[in-house]
Amino acid sequence: MTGTRNPDPSQPAANLVVGQADGGRLAENIMHFARVLRAAGLPVGPGKVMAALEAVAAVGVDNRKDFYWTLHSVFVNRRDHRDLFDQAFHFFWRNPNLLEKAMAMMLPAMKGEQEAPKQEMATRLAEALAKESPPGGTDEDDGEDDEFDIDASLTFSKREVLAEKDFEKMTGAELDAARKAIRRMRLAFTPVPTRRFRPDPNGRRTDLRATLRRAARTGGDLGKLAMRKRRRRVPPLVILCDISGSMDRYARMMLHFIHTVTNDRDRVQSFLFGTRLTNVTRTMRRKDPDIAVDQCASLVEDWAGGTRIGVTLEEFNRVWSRRVMTQGPIVLLISDGLDRDGAAGLAQEMERLQKSCRQLIWLNPLLRWDGYQPKASGARVMIDHVDSFRPIHNLDSLSQLADALCRDPGPRAPSGWKDQAA
């Protein structure tokens, strides 16, 4: 490992912890490595840094594999953090086997990047490594860094570039800016007529009961007729969000979007699903979005696991439908349609879900690719039972969704329209 020296086992552990046993800089390197992890998005604080130093002092650094798993046991406590830690460890502690991957990361993104390996380095990790490096440099450093400043935005403003940038490609600073932009979003749904009426002198219906009560006060003399009209109210909203492994890159941003919607209006029900269904409505009502998202991640046991869309929709229709679908809600189904069960039972549950709501909107991040076709078995079934489908991969797509919900969808489209739209 570059920049560190193996400590003398005869020295006390306390000396290793403070990095003064033999003049080495191991403790300082571990502290900088923790900063890289924190900048890349892992919840690393001073307590974990001290725990890592104590763990390394107890295990030692004679074996690189032992050193890796020692830090892993301290800094990683969630499945979705494993890959990020692995990449950060090998790059920070200079694993030469990953040089080829580092060079590939610097190449420009091509149109067919959906076929790129899943283990490619995260953008926010690259940014974190650029900011933090082991103190003292490495053997390859010559003390001088060539800096190249390229204006990739051309004539577009930073706001426009951020709005069109895919969530997966954003740096840590851009993700923070995107979260702030999501918090400012508002979904102004079009009010729809309800079954109830309210008094209105300009209404078109006669309120017979109010007219008779008025006549009773005047000794039976019928005067002006009381009129009424239908009440109009914003429909309820039900959100079903896929948090499986294939959706992991977008799930957290969607949780911030769900939090904004939940705290902006009433009658919002939120559910997360992977291999099972989890109701997170109460958690999403917390004022702090970061606390709400973190609690959701800890509440869900199958985060970044498999996907069983048919099974989870069956549970929703059987257990929750009578509670949250009684007033004609709009349903947002956020998923890529990849089902490990091969769409078993999915058609029946999707049909029931569509018939229970006012409008069923499928939000799919894979629609960002030109020429997307629903080739997966789950996607082929789902597209036949939705009223509309939209991409959901950047701020622009969220804004377009908000604009679409402001318009009255009207009657359901006739069958066969989905083949033309797809």
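Two strands are taken to pair if DSSP finds at least two bridges between them. Helices (H or I, at least four residues) and strands (E, at least two) are DSSP runs, numbered from the N terminus. The model examined here is predicted, so local features need pLDDT of at least 70 and side-chain atom pairs count only at pLDDT 80 or more, while totals for chains, interfaces and linings use all residues. Residues are numbered from 1 along each chain as its sequence is written, and side-chain values use heavy atoms, with hydrogens and water left out.

Six strands form an open sheet in the order 6-5-4-7-8-9, with mixed pairing. Strand 6 (277–279) and strand 9 (388–390) stand at the edges with a single partner strand each, so one side of each is left without a neighbour in the sheet. On average, neighbouring strands of this sheet are turned by 20° against each other, direction ignored; the axes behind such angles are lines fitted to C-alpha atoms, and angles run from 0 to 180 degrees between N-to-C directions.

Strand 7 (residues 330–334) pairs in the parallel sense with strand 8 (residues 359–363) over five bridges, and Val-331 has Leu-360 as its bridge partner in strand 8. Five bridges also join strand 7 to strand 4 (residues 237–242), again running parallel; here Cys-241 is partnered by Ile-334. Strand 4 in turn runs parallel to strand 5 (residues 268–273), joined by six bridges, with Gln-269 of strand 5 as the bridge partner of Val-238.

Helix 11 (residues 248–264) spans 25 Å from its first C-alpha to its last, close to the 24 Å expected (1.5 Å times one less than its number of residues). Of its 17 residues, 12 are buried, including Tyr-250, Met-254 and Phe-257.

The largest nonpolar core has 46 residues, of which Phe-167, Leu-272, Trp-303, Leu-395 and Leu-398 touch the most other members. Such a core is a set of buried Ala, Val, Leu, Ile, Met, Phe, Trp, Tyr and Cys residues joined through side-chain atoms within 4.5 Å. Helix 11 gives the most to this core, with eight residues.

Key: Buried means under 20% relative accessible area, exposed over 50%, partly exposed in between (1.4 Å probe, protein chains only).
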